[in-house]
Every structure is written in C-alpha cells, then in structure tokens.
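Hi,

Here is the structure I promised to pass on. Could you look it over alongside my notes below?

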Amino acid sequence: MTAPVASPRGSLLLEHPFEGAVGRKVTYEAPANLALVKYWGMRNEELTLPCAPSISMTLSACVSTTTVEVHQRAGRDEVLLAGEDGRLERAGASFAAPVRRHLDRLRAGVGIDGASGGHFTVATRNSFPSRCGLASSASGFAALTLAAVASLGGETSFEELSLLARASGSGSAARSVLGGWVVWPSPPNAPNGPAKQLFPPEHWDLRDVIAVVEPGAKEISSLAGHRRARSSGLFAARLGALPSRRAAVERAIAARDLARLGALVETDAAELQAIALSSEPPIVYPTTGTLAVLRRVAGLRDSGVPVYWSLDAGANVHLLCEPHHERTVADAVATLPEVLRVLRDRVGHGPRRLEKHLF
Ligand code: DP6
C-alpha cells in the first residue's frame, strides 16, 4: 500500500506552490467507511464540527478513485464522473459544485488564487452505488483531497489531510483518509481535531455485507439530517449516552467481541433513525426493503448466525459478521426480492496512490 507521505509536523503551505505540478496527473483511491458510532448533528456548520465523536471501520471494496490534473491557465475546474458503463461524462451541477468549492479551499490553502491559474481537471469513479447512504461522499472527498494536495506538491500529515477532507463539508470524509478502525475527532473533547486510527486493519478481519435495496440518490441529504437533529426530542438523550457508548465500542473492538459490538452498533443506528423520524419535519430513510432485510437478520440470528445490522442516512443495510459467516449472510439476503444487489466488503487499509489514471 502506498500512503500519502506525511511530514511529521505537516504543513500545507508550500514555498513554491505548484511549481512543477502543471500537467502532472495524480490519482488516489480512497475507501468509504461505516460508522459504528454515528456522526449525526453539527455544532458548527461552517467548519463541519460534529456534536460528538464518531467511530468507523474503513472499508476496502467500496472505493472512489479520483484523478486530478492541474493546469497553469486560469479557468473553471472541469469535473468528470464515470457513468454506469465506466465512461467519463461531465458531472451534473449537484456533483460538480461542491467539488469546485472544495478545490477553491485547497487552492487557497497553498496560496493559489484560482482566478489567475491552477485550475483542475478532476475525474471520479465509484466502485459502488453513489449518494444513497453508502458514504460515497466520504470516499469521494477523501480521494479528491489526497489527489489535489499531492498534485499541488503538498507534503502534509494525515492529521492535516483529515482536517482538509473535513473542510469539504463531508465530516465522514475526515475518517476516510485512514485505514482500519478510526475515531473522529481526536481527542474526543476537541471537536476541531482530526481523525485518528484506533486499531490497524489487521487487528480484526470483520466483514460488511451490504444489502442494496435502494440504489438511487437519497431524497434528503445528510446535511439536512444534521441540521434537523436538534429538533428531535431524542437528540439530547443521545448526546448524554454517547460517551459511555463510545468507550464500550472501543472496548468491544479491542476485544474483537462481535456480539457486544453488534448490540452497540444496532442501538446506535436505531437511535439515528429514531432521531431522523422524530425531527421536524421528519426524515424517513428506511424502506420496506430495509425492513425485509432487518427481519431476515433476526431470522439468521435465531438460527445461530451472529450478524448485526447498521443503517446510515439511507435505506441500504450494512451487515456485520465474521468471515466464516459472510457467505451465509450474503446468500440469505440475496434471495429477498427487495434486495437488488449484495456487496461484500471488509475492513480496509485506507487510501492509496495509483499509477493508473482515469484519463
Ligand atoms: C449517517 O455529513 O459526513 O453517514 O457528506 O453525505 O457523507 P455525507 O455525510 P456526512 O454525515 C454522515 C452521516 C452518517 C453517519 C456517519 O457516517 O458517521
């Protein structure tokens, strides 16, 4: 694995911004991640600061690959997105606008004024369905941040890369720059802190079987959910419960105790859904397909298969299990008519730089 090279102290400010970078292509692959303790609710929207720390496992097969090329001349960033068939097409405004905003921030970070030069061509391909609650913005903004910083010649620390990824507005992207088991922010009492690896990927080979019941873009964004969280009468209780849950999740991961971790993960995911449902106006992420999968999980557990579910801001279901149960779990949900596709993923190593570019 090639990781972004980090100077121990790390500073993005370069003496000679993007000297030698023009025309150079850089490609990064960055993974999605599954939150075991969810980030839900912001204390500062401008800075993307969470109300409480979250813990995630970095995935391996669900990845975004992003190639960037920086041009000397001034102009508008060109944003391309791979379609279903893998061919690159000009991205629609809803995808391109936040990408351009993030590039503006990164340029400003290295002292480049986009109006006078240094605009990018950016292309992205996702290995999994996008914008449906499977964290494609986490993987996408992590890959974009790593590729753009590297293309500008920036040598920086993982901590700074995490903060830069967070600046995209996708808080979960702050976790996707690291592999294994990750907490964000760190330390937990510093909301503006970066993500930190709790355990490396080798610590525990846990599997995530993803039952896709709704591949289309979700109607209500995570941002809307974060904004509405406080309007739920349940939100304050969640904040009160989180410190001890977070500690318990860390202990369960440390002990590789799936039964304990699974119970905590289900409680946390159910709480997010309950808060969304009781927000004003309410947000309903699960569909009948989601519920069919949850019922199948209950059946599997009754028959002695230890498998536990999680849901994000979407209808699709993550199923956590040990490697020797992965096949059984995948087959059991694949037979449901509501399940359109089953993805099999696992704990991953984090981003890597690729030699092969998308264009
Ligand atoms: C439910 O604001 O990071 O996935 O930008 O859409 O990726 P996106 O969402 P973000 O909120 C994530 C919400 C969550 C829980 C989590 O990943 O912690």
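**The ligand site**

Of the 14 residues around the ligand, those that come nearest are Tyr-39, Ser-137, Ser-172, Arg-175 and His-226 (a residue is near a molecule if one of its heavy atoms lies within 4 Å of it). Please keep in mind that this is a predicted model, where local features need pLDDT of at least 70, side-chain atom pairs count only at pLDDT 80 or more, and totals for chains, interfaces and linings use all residues. Residues are numbered from 1 along each chain as its sequence is written, and side-chain values use heavy atoms, with hydrogens and water left out.

By class, the shell around the ligand holds five nonpolar, six polar and three charged residues (Ala, Val, Leu, Ile, Met, Phe, Trp, Tyr, Cys and Pro count as nonpolar, Asp, Glu, Lys and Arg as charged, and the others, Gly among them, as polar).

**Helix 6**

Helix 6 covers residues 258-277 (helices are DSSP runs of H or I with at least four residues, strands are runs of E with at least two, and both are numbered from the N terminus). Its 20 residues should span 28 Å at 1.5 Å a residue, and this agrees with its end C-alpha atoms, which are 28 Å apart (the expected span is 1.5 Å times one less than the number of residues). At the start of this helix, a side-chain oxygen of Asp-257 comes to within 3.4 Å of the backbone nitrogen of Ala-259.

**Backbone features in the loops**

Trp-184 and Pro-185 are joined by a cis peptide bond, with omega about -5°; Pro-185 is in the loop between strand 8 (181-184) and strand 9 (196-199). Another cis peptide bond joins Glu-280 and Pro-281, with omega about -10°, and Pro-281 lies in the loop between helix 6 and helix 7 (288-302).

Thr-48 is worth a look too: although not a glycine, Thr-48 has a positive phi of about 55°. Thr-48 is found in the loop between strand 2 (42-44) and strand 3 (49-50).

Best wishes

Conventions
Polar contact = N/O pair within 3.5 Å; in protein donor to acceptor, adjacent residues only side chain to side chain.
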